[in-house]
Amino acid sequence: FVLLWHCVCFEMGNRVKLNKQTSMRLFFTKKELKLRKKRVIMMIACMTVLLAGYLILTWPKKIQPELPTVIVEPAEVGDVEIFGEYVGRIRAQQFVEVRARVEGYLEQMLFAEGTYVTKNQVLFVINQEQYRAKADKARAQLKKDEAQALKAKRDLERIRPLYEQNAASQLDLDNAIAAFETAEASVAMSQADLDQAEQELGYTIVRSPLAGHISERHVDLGTLVGPGAKSLLATVVKSDTVLVDFSMTALDYLKSKERNVELGRKDSTRSWQPNITITLADNTVYPFKGLVDFAEPQVDPRTGTFSVRAEMPNPERVLLPGQFTKVKLLLDVRENADVVPLKSVIIEKGGAYIYVMRKDSTVERRFVELGPEFQNNVVVERGIAAGEMIVTEGYHKLNPGMKVKVSDAAEDKKPEETL
């Protein structure tokens with residue numbers, strides 16, 4: 001513009017000079033017209049060059065589109081454990097009721113409630129007087145019958161030689177034999193009465209049928225107990241090993257059959273067995289695992305479920321019978337399964353698909369067949385190969401064939417995972 005301005009000023013100056021010199025002339029010569037025409041053309045050319053330079057300098061530059069940034073992770077291969085979650089209830093391996101087997105007044109209680117008792121430990125004592133008297137009577141009757149049997153035996157031994165010498169009749173011999181056999185039967189009967197009386201006397205001392213923890217007493221001292229009265233005295237629970245009961249659906253049963261898993265049976269051909277872990281009320285995981293040892297052979301038509309039982313060690317008595325808990329059952333182990341993050345899967349009407357990044361940093365849409373989910377991952381049955389780079393974040397702005405840029409955070413993460 002400065003140059004153009006100088007050209008214009010120069011032309012105006014020349015025009016003023018020319019007017020002064022030729023103020024009396026009204027017409028230009030051919031030479032002057034030609035010179036003026038050349039100057040005008042030069043001015044137009046300068047103005048065109050200046051305008052073109054200005055436009056070139058001030059024209060906005062074309063902005064290159066920025067590549068979408070994504071985060072990728074490789075598809076992995078490994079053994080995948082498939083779990084099912086259920087609600088279970090804990091019960092003792094053995095739960096025995098201690099009852100009075102004879103009638104009488106409760107005299108003694110020889111244990112501390114809630115403590116551990118051993119097998120055959122004396123727990124209660126029932127009044128023994130009538131049962132001791134009954135045993136003494138039976139014992140005396142037995143002695144009497146034994147004496148009668150001894151006499152009958154001696155009589156028979158005397159009669160038999162006399163009969164052989166025809167000094168005694170056949171009737172005398174028969175009477176002696178019958179008396180001896182009757183006496184022996186009386187002895188056996190008295191012996192049975194004595195055994196029964198001593199057994200009833202023994203029932204007055206109530207012992208623990210097994211080792212375990214005993215409950216509080218259900219009756220007070222001095223109470224009449226027995227079959228015709230209050231017979232339940234206490235309960236003993238063996239809980240160093242507990243049973244966990246839970247229910248599975250008919251669909252779970254069919255799926256286990258598809259995987260050739262027989263619940264409740266050990267299979268030596270597998271490297272794993274169906275086991276459970278449980279979560280306690282404070283959301284901590286119990287450190288021991290239990291093995292499934294029983295499955296009900298029929299489905300309950302009212303609920304559509306069948307019962308499953310697992311046995312679990314309980315050395316510290318952390319688990320209490322009657323307690324409800326969360327049960328996590330190992331249903332299957334998928335060996336060498338292809339696994340991708342669950343967040344990378346997009347599910348639409350046409351099916352499930354993921355974006356896979358090629359080596360040239362372009363992405364393709366890959367439809368896949370999904371398997372079971374676990375934690376934050378999912379098994380891919382078909383459609384992906386191990387090691388392929390899967391877009392896990394940023395796929396919402398992608399189209400098939402689009403070139404992408406991998407996030408720096410993802411690139412830094414790869415060598416760390418390799419190490």
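**A quick tour**

Strand β14 (residues 346-348) and β15 run antiparallel and are joined by 3 bridges. Strands here are DSSP runs (E, at least two residues) and helices are DSSP runs (H or I, at least four), numbered from the N terminus; two strands pair if DSSP finds at least two bridges between them. This is a predicted model, where local features need pLDDT of at least 70 and side-chain atom pairs count only at pLDDT 80 or more, while totals for chains, interfaces and linings use all residues. Residues are numbered from 1 along each chain as its sequence is written, and side-chain values use heavy atoms, with hydrogens and water left out.

**Around strand β15**

- Across the β14 pairing, Ile346 has Tyr353 in β15 as its bridge partner, and a hairpin of 2 residues connects β14 to β15.
- β15 is also joined by 6 bridges to strand β16 (residues 363-374), and these two run antiparallel; here Tyr355 stands opposite Arg365 in β16.
- The hairpin formed by β15 and β16 has 5 residues between the strands, and Ser361 in the turn has a positive phi of about 70 degrees.
- Strand β18 (residues 389-393) runs antiparallel to β15 and is joined to it by 2 bridges, with Ile390 in β18 as the bridge partner of Val356.
- Strand β15 (residues 351-357) is mostly covered, with 6 of its 7 residues buried (under 20% relative accessible area, 1.4 Å probe, protein chains only).

**An open sheet**

- An open sheet is formed by 4 strands in the order β6-β5-β3-β8, with antiparallel pairing.
- Its edge strands, β6 (205-207) and β8 (224-225), each pair on one side only.
- Strand β3 (residues 104-109) is joined to β8 by 2 bridges, and Tyr105 has Leu224 as its bridge partner in β8.

**Two helices**

- Helix α3 (residues 129-164) and helix α4 (residues 170-203) have axes that come within 7 Å and cross at roughly 160 degrees (axes are lines fitted to C-alpha atoms over the stretch in contact, and angles run from 0 to 180 degrees between N-to-C directions).
- That crossing makes α3 roughly antiparallel to α4 (the term covers angles over 145 degrees).

Definitions and conventions: Parallel < 35°, antiparallel > 145°, perpendicular 65-115°, else oblique. Buried < 20%, exposed > 50% of the residue type's maximum accessible area, 1.4 Å probe, protein only.
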